[in-house]
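Here is a short briefing on one protein chain. Take a look at the model before reading on.

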Amino acid sequence: MNKLYLILFFIVAISGCNKFNQATSTTTCSDSDGIKTAKSLITDEIIKELSEIKGQDGSTLFDQSEIRATIAQIDIAFDSIRTSKTDPNSTKVFCTASVKATIPLLIIEKANRGFQIAETRRNIDDSANEYGLRGTANGFERDLDYNLQPTDDRQQIYTQITNGEPIINFLGEVVAAVLFVPMLESKEAEDANAASIVGAQNAANQLQLEQQKSEELQLSLTSAQEENTIAKNALYKAWASIPPSRRAELIDSQNEWEERIKIDCQSEVIQQVKGDISLIPLFELQCETIKIKDRTLELGSIQPQASE
(Lines give C-alpha, C1' and ligand atoms only; values in the text may rest on other atoms or scores of the structure.)
Protein backbone atom coordinates (compact mmCIF):
# COMPACT_ATOMS: atom_id res chain seq x y z
CA MET A 1 0.00 0.00 0.00
CA ASN A 2 1.72 3.13 -1.16
CA LYS A 3 -1.07 5.22 -2.69
CA LEU A 4 -3.89 7.24 -1.19
CA TYR A 5 -6.74 6.56 -3.57
CA LEU A 6 -9.34 9.30 -3.93
CA ILE A 7 -12.46 8.43 -2.00
CA LEU A 8 -15.70 9.09 -3.84
CA PHE A 9 -19.01 8.45 -2.07
CA PHE A 10 -21.87 8.59 -4.56
CA ILE A 11 -24.89 9.35 -2.46
CA VAL A 12 -28.31 10.24 -3.82
CA ALA A 13 -29.66 11.08 -0.39
CA ILE A 14 -29.07 10.11 3.20
CA SER A 15 -31.63 10.36 5.93
CA GLY A 16 -32.19 9.83 9.63
CA CYS A 17 -34.39 10.85 12.47
CA ASN A 18 -34.15 12.30 15.98
CA LYS A 19 -36.44 13.29 18.80
CA PHE A 20 -38.64 16.20 17.79
CA ASN A 21 -38.62 19.37 19.84
CA GLN A 22 -42.30 19.69 20.66
CA ALA A 23 -41.85 23.14 22.18
CA THR A 24 -42.37 24.55 18.70
CA SER A 25 -45.62 24.11 16.83
CA THR A 26 -44.03 24.16 13.39
CA THR A 27 -40.87 22.78 11.89
CA THR A 28 -38.16 25.29 10.88
CA CYS A 29 -34.89 24.82 9.02
CA SER A 30 -33.03 25.86 12.17
CA ASP A 31 -34.51 23.08 14.28
CA SER A 32 -31.68 22.01 16.59
CA ASP A 33 -32.62 18.33 16.53
CA GLY A 34 -32.86 18.37 12.75
CA ILE A 35 -29.45 20.07 12.43
CA LYS A 36 -27.95 17.62 14.92
CA THR A 37 -29.28 14.72 12.85
CA ALA A 38 -27.94 16.27 9.64
CA LYS A 39 -24.45 16.52 11.17
CA SER A 40 -24.65 12.91 12.34
CA LEU A 41 -25.67 11.84 8.84
CA ILE A 42 -22.52 13.45 7.43
CA THR A 43 -20.13 11.95 10.00
CA ASP A 44 -21.83 8.54 10.05
CA GLU A 45 -21.61 8.27 6.26
CA ILE A 46 -17.87 9.07 6.35
CA ILE A 47 -17.32 6.48 9.07
CA LYS A 48 -19.35 3.90 7.17
CA GLU A 49 -17.53 4.40 3.88
CA LEU A 50 -14.01 4.58 5.34
CA SER A 51 -14.66 1.51 7.50
CA GLU A 52 -15.43 -0.51 4.37
CA ILE A 53 -12.15 0.26 2.60
CA LYS A 54 -9.95 -2.83 2.37
CA GLY A 55 -6.19 -3.12 2.13
CA GLN A 56 -4.33 -5.24 -0.40
CA ASP A 57 -4.52 -8.21 1.97
CA GLY A 58 -8.29 -7.88 2.25
CA SER A 59 -8.26 -6.61 5.82
CA THR A 60 -10.00 -3.40 6.93
CA LEU A 61 -7.66 -0.52 6.26
CA PHE A 62 -8.90 1.96 8.86
CA ASP A 63 -9.89 1.35 12.46
CA GLN A 64 -13.37 2.72 13.13
CA SER A 65 -12.37 4.23 16.46
CA GLU A 66 -9.53 6.13 14.75
CA ILE A 67 -11.94 7.40 12.11
CA ARG A 68 -14.34 8.64 14.81
CA ALA A 69 -11.52 10.22 16.81
CA THR A 70 -10.27 12.13 13.76
CA ILE A 71 -13.72 13.33 12.70
CA ALA A 72 -14.43 14.44 16.27
CA GLN A 73 -11.63 16.99 15.93
CA ILE A 74 -13.40 18.64 12.97
CA ASP A 75 -16.18 21.05 13.88
CA ILE A 76 -19.12 20.97 11.47
CA ALA A 77 -21.44 23.98 11.71
CA PHE A 78 -24.61 24.95 9.83
CA ASP A 79 -24.53 28.69 9.11
CA SER A 80 -26.66 31.04 7.02
CA ILE A 81 -29.63 28.69 7.30
CA ARG A 82 -32.52 29.59 5.04
CA THR A 83 -35.79 28.05 3.95
CA SER A 84 -35.75 27.32 0.24
CA LYS A 85 -39.27 25.86 -0.03
CA THR A 86 -42.36 25.09 2.03
CA ASP A 87 -45.59 23.25 1.27
CA PRO A 88 -48.77 24.46 2.97
CA ASN A 89 -50.15 20.95 2.64
CA SER A 90 -47.13 19.31 4.27
CA THR A 91 -45.07 19.66 7.44
CA LYS A 92 -41.86 19.20 5.45
CA VAL A 93 -39.54 22.15 4.96
CA PHE A 94 -36.80 22.35 2.37
CA CYS A 95 -33.63 24.05 3.51
CA THR A 96 -30.23 25.29 2.45
CA ALA A 97 -27.35 26.04 4.77
CA SER A 98 -23.71 26.97 4.46
CA VAL A 99 -21.98 23.99 6.07
CA LYS A 100 -18.61 25.02 7.46
CA ALA A 101 -15.93 22.52 8.47
CA THR A 102 -13.43 24.05 10.88
CA ILE A 103 -10.32 21.89 10.74
CA PRO A 104 -7.54 22.22 13.35
CA LEU A 105 -4.11 23.14 12.02
CA LEU A 106 -2.64 19.84 13.18
CA ILE A 107 -5.21 17.90 11.15
CA ILE A 108 -4.52 20.07 8.10
CA GLU A 109 -0.76 19.49 8.43
CA LYS A 110 -1.25 15.72 8.77
CA ALA A 111 -3.64 15.66 5.79
CA ASN A 112 -1.18 17.62 3.68
CA ARG A 113 1.54 15.19 4.71
CA GLY A 114 -0.67 12.26 3.70
CA PHE A 115 -1.49 13.79 0.31
CA GLN A 116 2.17 14.54 -0.37
CA ILE A 117 3.46 11.10 0.63
CA ALA A 118 0.76 9.39 -1.42
CA GLU A 119 1.35 11.81 -4.32
CA THR A 120 -2.39 12.19 -4.97
CA ARG A 121 -2.77 15.89 -4.25
CA ARG A 122 -0.50 18.75 -3.30
CA ASN A 123 -2.51 19.71 -0.23
CA ILE A 124 -5.92 19.97 1.39
CA ASP A 125 -6.78 23.04 -0.68
CA ASP A 126 -6.61 20.94 -3.85
CA SER A 127 -9.17 18.56 -2.37
CA ALA A 128 -11.43 21.45 -1.35
CA ASN A 129 -11.25 22.94 -4.84
CA GLU A 130 -12.03 19.54 -6.36
CA TYR A 131 -15.32 19.34 -4.44
CA GLY A 132 -16.26 22.98 -4.75
CA LEU A 133 -15.67 24.04 -1.14
CA ARG A 134 -14.73 27.62 -0.40
CA GLY A 135 -11.82 28.38 1.87
CA THR A 136 -12.54 30.57 4.90
CA ALA A 137 -10.33 32.07 7.60
CA ASN A 138 -10.21 28.84 9.58
CA GLY A 139 -12.00 26.22 7.51
CA PHE A 140 -13.91 25.27 4.37
CA GLU A 141 -17.58 25.68 3.51
CA ARG A 142 -20.18 24.76 0.92
CA ASP A 143 -23.95 25.04 0.60
CA LEU A 144 -25.90 21.95 1.55
CA ASP A 145 -29.54 21.12 0.77
CA TYR A 146 -31.60 19.20 3.30
CA ASN A 147 -35.20 18.84 4.37
CA LEU A 148 -36.88 18.30 7.72
CA GLN A 149 -40.23 16.76 8.53
CA PRO A 150 -41.71 15.70 11.86
CA THR A 151 -43.47 12.37 12.13
CA ASP A 152 -47.28 12.44 12.38
CA ASP A 153 -47.13 11.87 16.11
CA ARG A 154 -44.57 14.67 16.36
CA GLN A 155 -42.31 12.46 18.46
CA GLN A 156 -39.42 12.49 15.98
CA ILE A 157 -38.09 14.64 13.19
CA TYR A 158 -37.03 13.10 9.91
CA THR A 159 -33.93 14.63 8.25
CA GLN A 160 -32.79 14.07 4.70
CA ILE A 161 -29.67 15.42 2.95
CA THR A 162 -29.92 15.53 -0.84
CA ASN A 163 -26.53 16.82 -2.01
CA GLY A 164 -24.02 15.82 0.63
CA GLU A 165 -21.51 14.15 -1.70
CA PRO A 166 -19.05 17.07 -2.04
CA ILE A 167 -18.75 17.74 1.69
CA ILE A 168 -18.66 14.05 2.61
CA ASN A 169 -16.10 13.30 -0.10
CA PHE A 170 -13.91 16.20 0.99
CA LEU A 171 -13.99 15.34 4.69
CA GLY A 172 -13.58 11.65 3.85
CA GLU A 173 -10.41 12.42 1.89
CA VAL A 174 -9.05 14.58 4.70
CA VAL A 175 -9.67 11.92 7.34
CA ALA A 176 -8.24 9.19 5.11
CA ALA A 177 -5.13 11.28 4.39
CA VAL A 178 -4.60 11.83 8.12
CA LEU A 179 -4.98 8.13 8.91
CA PHE A 180 -2.73 7.18 6.01
CA VAL A 181 0.23 9.16 7.39
CA PRO A 182 1.44 6.62 9.98
CA MET A 183 0.85 3.79 7.48
CA LEU A 184 2.75 5.52 4.70
CA GLU A 185 5.54 6.68 7.00
CA SER A 186 5.85 3.13 8.32
CA LYS A 187 6.07 1.89 4.73
CA GLU A 188 8.65 4.57 3.95
CA ALA A 189 10.66 3.54 7.02
CA GLU A 190 10.47 -0.12 5.97
CA ASP A 191 11.58 0.76 2.45
CA ALA A 192 14.40 2.95 3.80
CA ASN A 193 15.48 0.20 6.17
CA ALA A 194 15.39 -2.36 3.36
CA ALA A 195 17.36 0.01 1.14
CA SER A 196 19.84 0.55 3.97
CA ILE A 197 20.27 -3.20 4.40
CA VAL A 198 20.73 -3.66 0.66
CA GLY A 199 23.15 -0.74 0.60
CA ALA A 200 25.14 -2.16 3.49
CA GLN A 201 25.20 -5.58 1.83
CA ASN A 202 26.30 -4.04 -1.45
CA ALA A 203 29.01 -2.09 0.37
CA ALA A 204 30.15 -5.27 2.13
CA ASN A 205 30.15 -7.15 -1.17
CA GLN A 206 32.08 -4.33 -2.80
CA LEU A 207 34.60 -4.31 0.03
CA GLN A 208 34.97 -8.07 -0.25
CA LEU A 209 35.52 -7.78 -4.01
CA GLU A 210 38.08 -5.04 -3.49
CA GLN A 211 39.88 -7.09 -0.86
CA GLN A 212 39.81 -10.12 -3.15
CA LYS A 213 41.07 -7.99 -6.01
CA SER A 214 43.83 -6.56 -3.81
CA GLU A 215 44.88 -10.05 -2.72
CA GLU A 216 44.87 -11.30 -6.31
CA LEU A 217 46.85 -8.25 -7.41
CA GLN A 218 49.39 -8.84 -4.65
CA LEU A 219 49.77 -12.47 -5.71
CA SER A 220 50.21 -11.35 -9.31
CA LEU A 221 52.79 -8.76 -8.24
CA THR A 222 54.70 -11.35 -6.24
CA SER A 223 54.68 -13.74 -9.19
CA ALA A 224 55.67 -10.98 -11.63
CA GLN A 225 58.48 -9.88 -9.30
CA GLU A 226 59.84 -13.43 -9.11
CA GLU A 227 59.69 -13.79 -12.88
CA ASN A 228 61.39 -10.41 -13.28
CA THR A 229 64.17 -11.44 -10.91
CA ILE A 230 64.75 -14.67 -12.83
CA ALA A 231 64.82 -12.73 -16.11
CA LYS A 232 67.35 -10.24 -14.70
CA ASN A 233 69.59 -13.06 -13.46
CA ALA A 234 69.48 -14.63 -16.92
CA LEU A 235 70.36 -11.24 -18.42
CA TYR A 236 73.34 -10.82 -16.06
CA LYS A 237 74.59 -14.30 -16.97
CA ALA A 238 74.25 -13.55 -20.68
CA TRP A 239 76.12 -10.28 -20.20
CA ALA A 240 78.83 -11.98 -18.17
CA SER A 241 79.30 -14.66 -20.83
CA ILE A 242 80.36 -12.03 -23.34
CA PRO A 243 84.16 -11.58 -23.48
CA PRO A 244 85.40 -8.43 -21.70
CA SER A 245 86.63 -6.74 -24.86
CA ARG A 246 83.26 -7.29 -26.52
CA ARG A 247 81.39 -6.03 -23.45
CA ALA A 248 83.48 -2.87 -23.61
CA GLU A 249 82.22 -2.31 -27.14
CA LEU A 250 78.62 -2.92 -26.06
CA ILE A 251 78.60 -1.03 -22.75
CA ASP A 252 77.19 2.19 -24.20
CA SER A 253 74.33 0.45 -25.99
CA GLN A 254 73.62 -1.63 -22.88
CA ASN A 255 73.43 1.49 -20.69
CA GLU A 256 71.20 3.15 -23.22
CA TRP A 257 68.91 0.10 -23.24
CA GLU A 258 68.70 0.08 -19.42
CA GLU A 259 67.71 3.76 -19.41
CA ARG A 260 65.16 3.30 -22.18
CA ILE A 261 63.40 0.21 -20.77
CA LYS A 262 61.79 2.13 -17.88
CA ILE A 263 60.62 4.97 -20.10
CA ASP A 264 59.30 2.65 -22.82
CA CYS A 265 57.36 0.48 -20.34
CA GLN A 266 55.82 3.47 -18.59
CA SER A 267 54.59 4.80 -21.93
CA GLU A 268 53.19 1.43 -23.00
CA VAL A 269 51.47 0.79 -19.65
CA ILE A 270 49.70 4.17 -19.67
CA GLN A 271 48.04 3.15 -22.93
CA GLN A 272 47.02 -0.24 -21.49
CA VAL A 273 45.62 0.88 -18.16
CA LYS A 274 42.03 2.17 -18.35
CA GLY A 275 41.35 4.01 -15.12
CA ASP A 276 42.65 1.34 -12.71
CA ILE A 277 46.00 2.79 -11.67
CA SER A 278 46.52 -0.03 -9.17
CA LEU A 279 47.52 -2.23 -12.12
CA ILE A 280 50.40 0.05 -13.20
CA PRO A 281 53.14 -1.60 -11.07
CA LEU A 282 52.10 -5.06 -12.28
CA PHE A 283 52.00 -4.07 -15.95
CA GLU A 284 55.36 -2.28 -15.68
CA LEU A 285 56.99 -5.35 -14.16
CA GLN A 286 55.53 -7.60 -16.86
CA CYS A 287 56.64 -5.17 -19.57
CA GLU A 288 60.19 -4.99 -18.17
CA THR A 289 60.38 -8.78 -17.90
CA ILE A 290 59.41 -9.19 -21.55
CA LYS A 291 62.01 -6.63 -22.67
CA ILE A 292 64.68 -8.17 -20.41
CA LYS A 293 64.05 -11.58 -21.96
CA ASP A 294 64.26 -10.09 -25.44
CA ARG A 295 67.54 -8.36 -24.54
CA THR A 296 68.89 -11.59 -23.07
CA LEU A 297 68.27 -13.35 -26.38
CA GLU A 298 70.02 -10.51 -28.21
CA LEU A 299 73.08 -10.72 -25.95
CA GLY A 300 73.14 -14.50 -26.22
CA SER A 301 73.38 -14.24 -29.98
CA ILE A 302 76.44 -12.02 -29.90
CA GLN A 303 79.50 -13.96 -31.09
CA PRO A 304 82.99 -13.16 -29.80
CA GLN A 305 85.52 -11.58 -32.15
CA ALA A 306 87.73 -14.08 -34.09
CA SER A 307 90.93 -12.89 -32.31
CA GLU A 308 89.28 -13.68 -28.97
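Predicted model: local features only at pLDDT ≥ 70, side-chain atom pairs only at ≥ 80, totals over all residues.

- Strand 5 covers residues 139-150 and pairs with strand 6 in the antiparallel sense.
- The pairing runs over 5 bridges.
- Tyr146 stands opposite Ile161 of strand 6.
- The hairpin of strand 5 and strand 6 has 5 residues between the strands. In this hairpin, Arg154 takes a positive phi near 55°.

**Nonpolar cores**

- The largest nonpolar core holds 46 residues. Ile42, Phe78, Tyr146, Phe170 and Leu171 touch the most other members.
- Helix 5, residues 165-240, gives the largest share of this core, with 11 residues.
- Another core lies apart from it and has 12 residues, among them Trp239, Cys265, Cys287 and Ile292.
- What does Phe78 contact, leaving aside its neighbours within four places in sequence? Its contacts include Ile35, Ala38, Ile42, Val99, Leu144 and Tyr146.

**The whole chain**

- The chain has 7 helices and 6 strands.
- From the N terminus on, the elements run β-α-α-β-β-α-α-β-β-β-α-α-α.
- Of the 308 residues in the chain, 37% are buried.
- Among contacts with a separation of 6 or more, 71% join residues 24 or more positions apart.
- The accessible surface comes to about 17,900 Å². Carbon and sulfur atoms account for 51% of that surface.

Methods. Residues numbered from 1 in each chain as written. Heavy atoms only, no water. Pairing = 2+ DSSP bridges. Helix = DSSP H or I, 4+ residues; strand = E, 2+ residues; numbered from the N terminus. Core = buried A, V, L, I, M, F, W, Y, C linked by side-chain atoms within 4.5 Å. Buried < 20%, exposed > 50% of the residue type's maximum accessible area, 1.4 Å probe, protein only. Contact = heavy atoms within 4.5 Å. Areas by Shrake-Rupley, 256 points an atom, 1.4 Å probe, with all protein chains shown as cover.
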